[in-house]
Amino acid sequence: MASDTSTYDTQKEEQYRAEVARVPLVTNDRSAQWVTEKVSVLTEKKTPLWWWIAILITSPIAAFGFFCLFYQVSTGVGVWGENHPVGWAWDITNFVFWIGIGHAGTLISAILYLTRQQWRTSINRAAEAMTIFAVCCAGIFPAFHVGRVWFAWYLFPVPNSNGIWQNFRSPLLWDVFAVSTYFTVSLLFWYIGMVPDLATLRDRSKSKLRQWLYGIFSLGWRGANRHWRQYEMAYLILAGISTPLVLSVHSVVSFDFATSVLPGWHTTIFPPYFVAGAIFGGFAMVLTILIPARWIYPQLKDLITEQHIDKMCKIILLTGSMVGYAYAMEFFMAWYSGSPYEIWVFLRNRVADPYIFGPLFDVPPAPYWWAYWSMITCNVIAPQVFWWKKNRHNLLIIMIIVNMVNAGMWFERFVIIVTSLHRDFLPSSWGMFHPTWAEQGLFFGTFGLFLTLFLLFMRFLPMIAMAEIKMVLPEADPHRHAAPENDGTKEAQH
Amino acid sequence: MAEEKRVYAIAAEFKSPADLMHAAEHVRDAGFKRWDVFSPFPIHGMDKAMGLGKSWLSAIVFVGGLTGLLTGLGLQFITAWYIYPTIVHGKPIGWMTIPAYVPVIFELTILCSAFACVGGLALLTRLPQWYHPLFNWERFSRVTDNGYYLAIEARDPKFSQTKTRQLLDEIGGMHITLVHE
């Protein structure tokens with residue numbers, strides 16, 4: 001019986017393998033040498049003109065952001081528009097926006113690794129870099145919104161001048177631990193993953209400086225199998241601990257709201273809803289960056305193939321629909337709870353527009369109805385075009401949709417924060433939120449910082465995980481003998 | 001001067017991951033202990049071909065995680081219950097508010113596991129090690145590109161300059177060379 005099952009299984013496996021004729025992860029049958037050459041050369045050849053133009057645009061934007069920050073610190077946090085009743089607005093919106101963007105990187109590097117989605121190998125390095133830069137941008141907001149930033153050390157687990165310790169039961173302190181752990185672990189994961197590729201750059205270096213710098217950072221890596229086996233275990237463990245970590249980070253971020261008693265925030269759906277939204281927004285940002293990168297460097301088209309873009313669009317469709325479900329469920333629960341305050345926030349502060357839902361429910365339009373409906377349009381309706389394969393292969397449509405998602409996810413956080421706060425329990429304190437130039441400038445500046453860091457990454461570090469790509473090439477299979485057809489001389493067919 | 005330097009190893013290049021794996025199986029069966037194979041990426045099944053067991057890194061990470069867990073418990077309970085009990089939001093001090101302490105415990109567990117993982121990796125691989133005799137071999141620079149190598153160290157009790165070279169030759173090694181320290 002036992003032997004029967006085993007032969008049956010082998011046959012069945014062979015059959016399945018034959019049936020599932022998979023699209024190759026690297027197209028045009030490229031060799032390992034081709035991968036090394038095409039990826040390394042991005043850091044080796046003369047700095048292209050577009051790069052200088054791009055960084056000359058992004059770095060002044062970043063500098064302007066820092067100027068706004070300097071103005072805020074030197075003058076006081078009152079230069080921002082936050083005031084009673086809207087005590088949190090753009091600062092926390094931007095924080096949640098950026099930290100959410102980071103989550104796609106960890107999803108790609110950790111969760112897709114554990115689930116053996118080998119297509120992740122060509123995009124994980126860039127996505128992880130994006131995570132780290134996004135968390136850098138995110139960290140600015142909570143650190144500086146405290147006002148007197150030189151007292152930010154009160155957040156660290158050391159007693160203050162009066163010997164008082166932190167309130168460890170506060171979600172804001174959980175946030176400090178979650179975000180700093182997230183940044184540290186992401187950085188370690190990114191760096192450890194990069195060591196073999198830095199060694200590749202070291203071995204190809206022509207100049208002393210490059211040899212020296214890449215030599216130091218590659219730690220003397222020599223590709224020994226006795227090292228690889230420890231390395232692979234380390235990678236697996238880091239992926240294993242990053243997976244619950246990434247889920248915990250955005251859950252903790254959502255606790256900042258969910259553990260309060262404010263209608264619109266006080267809801268148990270927040271952790272999964274925030275995590276799905278973070279992955280949704282993060283993948284949109286990955287595509288926003290990788291599609292232009294692939295257009296600038298056409299040789300990457302064999303590594304970041306149409307299949308990759310197609311799969312990312314499917315993830316956006318899935319998570320976008322999950323977010324849409326969460327919006328609907330929030331609304332349903334507000335009604336089902338019977339709490340007049342909950343119903344007020346969802347109907348009169350968010351949904352009621354002047355044209356359809358306001359007249360339908362016979363309520364005056366919500367002051368922020370445009371923000372709510374921008375969010376629904378961008379996050380729930382727009383991604384539905386990805387049901388059609390044709391749209392998942394049209395780069396222009398993808399770029400439009402993912403940028404709508406980027407905007408929509410910002411609106412989501414704005415809606416959650418501002419529309420819940422601007423009309424609180426005391427009607428005499430109701431008011432609207434008006435952002436000032438200083439906080440608009442800072443938000444604009446974080447985009448400059450993010451893009452500048454990404455441009456530096458593209459220029460000086462291996463943008464694609466070469467060693468990991470080589471692992472998924474047919475020639476890496478120790479049971480295959482023939483060398484690949486294309487040694488890099490033939491050009492890609494596009 | 002080069003002649004005076006001690007021999008570190010005898011090394012050979014192989015054509016493909018498959019060849020390297022067969023070679024590794026032969027070297028393993030010949031009973032060598034101090035040897036290694038080098039490749040641009042980890043080769044599936046090579047640990048078995050080399051006769052290596054499971055990595056012990058997970059044990060180090062477990063200890064790291066446990067340290068983080070205990071740090072999280074100690075940091076919060078000692079400070080919030082004994083050093084300076086603070087009652088915020090009317091939440092009492094005691095076991096009944098345990099869930100509110102979980103996030104920090106969890107994050108510290110993860111953080112210490114990650115440090116233990118990277119530290120353990122450095123310990124087990126003995127990296128960083130910026131100088132290594134193999135880097136003196138010119139052909140070896142392709143190890144991070146598409147080169148596959150096998151080196152048997154002179155420290156191995158079975159090592160013999162003639163016999164080991166012969167073995168490497170028999171199992172299909174190319175460019176067999178002596179690597180000096």
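A: Helix α6(A) passes α4(B) in a left-handed crossing, where left-handed means that the near helix is turned anticlockwise from the far one by less than a right angle. Helices here are DSSP runs of H or I with at least four residues, strands are runs of E with at least two, and both are numbered from the N terminus. The model is predicted, so local features need pLDDT of at least 70 and side-chain atom pairs count only at pLDDT 80 or more, while totals for chains, interfaces and linings use all residues. Residues are numbered from 1 along each chain as its sequence is written, and chains are lettered from A and ligands numbered from 1 in the order in which they are written.

The axes are lines fitted to C-alpha atoms, for helices over the stretch in contact, and angles run from 0 to 180 degrees between N-to-C directions. From α6(A), the contact is made by W174(A), F177(A), A178(A), T181(A), T184(A), V185(A), L188(A) and I192(A). α4(B) supplies P103(B), V104(B), E107(B), L108(B), I110(B), L111(B), A114(B) and V118(B). Contact means that C-beta atoms, placed from the backbone, lie within 7 Å. By class, this contact has 13 nonpolar, 2 polar and 1 charged residues. Ala, Val, Leu, Ile, Met, Phe, Trp, Tyr, Cys and Pro count as nonpolar, Asp, Glu, Lys and Arg as charged, and the others, Gly among them, as polar.

The chain interface as a whole puts 55 residues of chain A in contact with 59 residues of chain B. On the chain A side, the elements giving two or more residues are α2 (32-44), α6, α8 (225-258) and α17 (466-472). The largest share of that side, 16 residues, comes from α8(A). The side of chain A that touches chain B has 29 nonpolar, 17 polar and 9 charged residues.

Within chain A, P462(A) lies in the loop between α16 (437-460) and α17. P462(A) is buried, with 23 other C-beta atoms within 10 Å; buried requires 20 or more such atoms, exposed 12 or fewer, and partly exposed lies in between. Not counting residues up to four places away in sequence, P462(A) touches V39(A), S40(A), T43(A), R125(A), M194(A), D197(A), T200(A) and L201(A). P462(A) and T43(A) are 419 residues apart in sequence, yet 7.2 Å apart in space, C-alpha to C-alpha.

Chain B also holds an open sheet of 4 strands in the order β2-β3-β1-β4, with antiparallel pairing; strands pair if DSSP finds at least two bridges between them. Its edge strands are β2 (35-38) and β4 (174-180), each pairing on one side only. Strand β1(B), residues 7-14, is joined to β4(B) by 5 bridges, and A11(B) stands opposite T177(B) in β4(B). Helix α5(B), residues 161-170, packs on the sheet and touches β1, β3 (148-153) and β4 of chain B. β2(B) and β3(B) pair over 4 bridges, with I152(B) as the bridge partner of W35(B).

Key: Contact = placed C-beta atoms within 7 Å.
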